[in-house]
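The following exercises ask the reader to derive features of a protein from its coordinates. Each task is followed by a solution in steps.

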Amino acid sequence: MNRRLRMSLALLGIVALGALGACSDDDGDVAAPEGPHLTVTDTDAGEILVDHEGRTVYLFTEDSPGQSACVDEDCLSAWPILEGEFEAGEGVDADLLGTIERDDGMTQATYGDWPLYYFASDEGPGDIQGQGVNDVWFVLDPAGNAIEGDVAVEEDGNSGY
């Protein structure tokens with residue numbers, strides 16, 4: 001009888017653990033990363049990638065996957081790189097995130113192997129002033145594609161580069 005009681009208690013323990021897991025307040029959402037991360041936000045251009053502070057990120061179509069063509073001082077002052085490693089936030093495919101080591105030794109974040117940049121003339125979260133600059137700088141959708149359509153962006157007369 002003692003053996004039967006131990007087996008019953010063990011089975012009861014397993015069932016109780018399963019029930020506790022099912023009653024968890026975790027609703028399936030993944031906790032937002034605490035460090036630098038990319039997330040998706042909705043804009044006039046559609047759903048685009050932004051950093052953890054809401055700043056828009058861009059790709060440069062003159063780049064090659066895994067290689068930055070924005071290397072001179074003029075380009076880098078207008079288009080600062082996303083420096084370091086970023087994690088995936090809501091809506092971002094973690095498999096597309098990566099980094100490259102630039103010729104200047106800095107580590108630049110990538111998405112879908114495309115080096116990522118900010119636009120220096122964007123003043124704050126949600127700004128997309130760099131969209132379409134010189135027909136080579138574009139915001140990215142969550143799949144890592146450039147959004148090349150026309151977007152209503154106020155012009156400030158700055159060519160961007």
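## Exercise 1: Hairpins

Task. Describe the hairpin that E6 and E7 form, and then the pairing of E6 with E5.

Solution. Step 1. Two residues separate E6 and E7 in their hairpin, and Gly112 in the turn has a positive phi of about 60°. Helices (H or I, at least four residues) and strands (E, at least two) are DSSP runs, numbered from the N terminus. The model is predicted, so local features need pLDDT of at least 70 and side-chain atom pairs count only at pLDDT 80 or more, while totals for chains, interfaces and linings use all residues. Residues are numbered from 1 along each chain as its sequence is written, and side-chain values use heavy atoms, with hydrogens and water left out.

Step 1. E6 and E7 run antiparallel and are joined by two bridges; strands count as paired if DSSP finds at least two bridges between them. Tyr111 has Trp114 in E7 as its bridge partner.

Step 2. Strand E5 (residues 97-101) also pairs with E6 in the antiparallel sense, over five bridges. Leu97 is the bridge partner of Tyr111 in E6, and Glu101 stands opposite Thr107. This hairpin has five residues between the strands, and its Gly105 takes a positive phi near 90°.

Step 3. Four of the five residues of E6 are buried, so the strand is mostly covered. Here buried means under 20% relative accessible area, exposed over 50% and partly exposed in between (1.4 Å probe, protein chains only).

## Exercise 2: Core and disulfide

Task. Which residues of the largest nonpolar core touch the most other members, and which cysteines form a disulfide?

Solution. Step 1. A nonpolar core is a set of buried Ala, Val, Leu, Ile, Met, Phe, Trp, Tyr and Cys residues joined through side-chain atoms within 4.5 Å. The largest has 18 residues, of which Ile48, Tyr58, Cys70, Trp79, Tyr117, Trp137 and Val139 touch the most other members. At least two residues of this core come from each of strand E2 (46-51), strand E3 (58-60), helix H2 (73-78) and strand E8 (137-139). Another core, of 14 residues, lies apart from it and includes Val57, Leu82, Val92 and Tyr111.

Step 1. The structure holds one disulfide, a pair of cysteine sulfur atoms within 2.5 Å. Cys70 and Cys75 form it, with their sulfur atoms 1.9 Å apart. The angle about the S-S bond is -120°, and the link is left-handed.

Step 2. Cys70 is buried at 0% relative accessibility, and Cys75 is buried at 1%.

## Exercise 3: Aromatic rings

Task. How many aromatic pairs are there, and why is the pair of Trp79 and Trp137 assigned to its class?

Solution. Step 1. Rings of Phe, Tyr and Trp (its six-membered ring) pair if their centres lie within 6.5 Å; planes under 30 degrees apart count as stacked, over 60 as edge-to-face and the rest as tilted. This rule gives six aromatic pairs.

Step 1. The ring centres of Trp79 and Trp137 are 3.8 Å apart and their planes lie at 5°, so the pair is stacked. Trp79 is in the loop between H2 and E4 and Trp137 in strand E8, so the pair ties together parts 58 residues apart in sequence. Both Trp79 and Trp137 are buried.

Step 2. One aromatic cluster is formed by Tyr58, Phe60, Trp79, Tyr117, Phe119 and Trp137.
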